[in-house]
Structure formats: C-alpha cells, structure tokens
Amino acid sequence: MNIERYATERVGKTKFRFFSEGKNGRFEMRISFEQISHNFYNLAFGLWNTSLLTIEDSVELRNGDMDKILGTVATVAMSFLKSNRSASIAASGRTLPGEHAVRTRKYQMGLSRNLNELNAVYDVYGFKALKNENDEISGTSPYGWEGEWEKFQVGSNYDAFLINLK
C-alpha cells in the first residue's frame, strides 16, 4: 500500500514514537500495543504527555495531518503483525460523547479505502456493539462490550476493529 506516513522509532517492546508536524507545530505522538490477553492487543495512540508519561488519546491536535498520522499508525500495526504472526490487534475510537463516532469513522474510512489490499494478507473484522435506547454501548469499554465481531464489510458501521494475519 502506498500510504503517506511519518518515520517512527521504537521506544519499547510494543511502543513507538513519531512526530506530527503541521499548522499548529510539532508534537510527539506515541503508539502502543497493550496486551489484553494471549496474542490479543489493544492499539492505542495519541499525543505523548511528557509530564505524566502517558498517551493522551482524547486530544485533538487539528494539525492538518490526520491522514498521515493514521497512515503511520497503520504501517506500524502491519509491521507489528508481521513480527508477531499469531497476534490480533483491536482498535476503537474514544467512547466519550461525540468523539467515539468521529475517530471510529476515520478508522473505518481508512479500512474501507484499502480493504482489497488488506484482505490479501489480513483478516479484518468489525465489531457491532449492542446499544441501549440512548445509543450508548452496553458493557465496559472497550473489549467488555456486548455485541459481535463480523468480517469487515464496506458500508456497515462498526464500533471497533480487529485485524490479524491470514
């Protein structure tokens, strides 16, 4: 895939960093694969908080480079899977009101745009969460949600995504 991306640096066994550069300046970003269970990892990324030494995944930089950031994250995720052949990576957007839908929609658009190429090498799934009458997801966020995984289909709306090597 021909995806625009930033150069990355490994800063731990499952942690990487890169710098977003755009109209609002230069910001250190981090990507982390957090092990949930055996061979199952949560993908987290966002602005690096140097004081707290944590990823701030709710900060919106609005730096004009979101596609390049997502391309960087996708490239690192594909490399991680090639190095950890039996791993599965899951990702979801924030669950705060208004934020979940936007970030999740960006993930979905990227997967949809590249699905033919991805399907040649990876299994790609979408998670449809059960929601209450207020459109709130049932269960604890994100992987204690109630619902089901299905093979990713363009045109379907999902609440989380999972990818692994075929």
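Student: How many residues lie between E2 and E3 in their hairpin?
Tutor: There are 2 residues between E2 and E3, which form a hairpin. Keep in mind that this is a predicted model.

Student: Which way do E2 and E3 pair, and over how many bridges?
Tutor: E2 and E3, the latter spanning residues 25–37, pair in the antiparallel sense over 8 bridges.

Student: What stands opposite Gly22 in E3?
Tutor: Another glycine, Gly25, stands opposite Gly22.

Student: And E1, how many bridges join that strand to E2?
Tutor: E1 covers residues 9–12 and E2 covers residues 15–22; 3 bridges join them, and the two strands run antiparallel. E1 and E2 also form a hairpin, with 2 residues between them.

Student: Which residue in E2 is the bridge partner of Arg10?
Tutor: Phe16 is the partner of Arg10.

Student: Switching to pockets. How much space lies in the largest pocket?
Tutor: About 570 Å³.

Student: What lines the largest pocket, and which residues lie nearest its centre?
Tutor: The lining has 28 residues, and those nearest the centre are Leu70, Ala74, Tyr107, Gly110 and Leu111. Two or more lining residues come from each of strand E4 (40–49), helix H1 (66–83), strand E6 (88–91), helix H2 (99–113) and strand E11 (160–165).

Student: Which element gives the largest share of that lining?
Tutor: H1 does, with 8 residues.

Student: How does the lining divide into nonpolar, polar and charged?
Tutor: The lining of the largest pocket has 19 nonpolar residues, 4 polar and 5 charged.

Technical notes
Residues numbered from 1 in each chain as written. Predicted model: local features only at pLDDT ≥ 70, side-chain atom pairs only at ≥ 80, totals over all residues. Heavy atoms only, no water. Pairing = 2+ DSSP bridges. Helix = DSSP H or I, 4+ residues; strand = E, 2+ residues; numbered from the N terminus. 1 Å grid on protein atoms, 1.4 Å probe; cavity = no way out; pocket = protein on both sides within 12 Å on 5 of 7 lines; lining within 4 Å. Points joined across faces, edges and corners; volume = space filled by probe spheres on them. Nonpolar A, V, L, I, M, F, W, Y, C, P; charged D, E, K, R; others polar.
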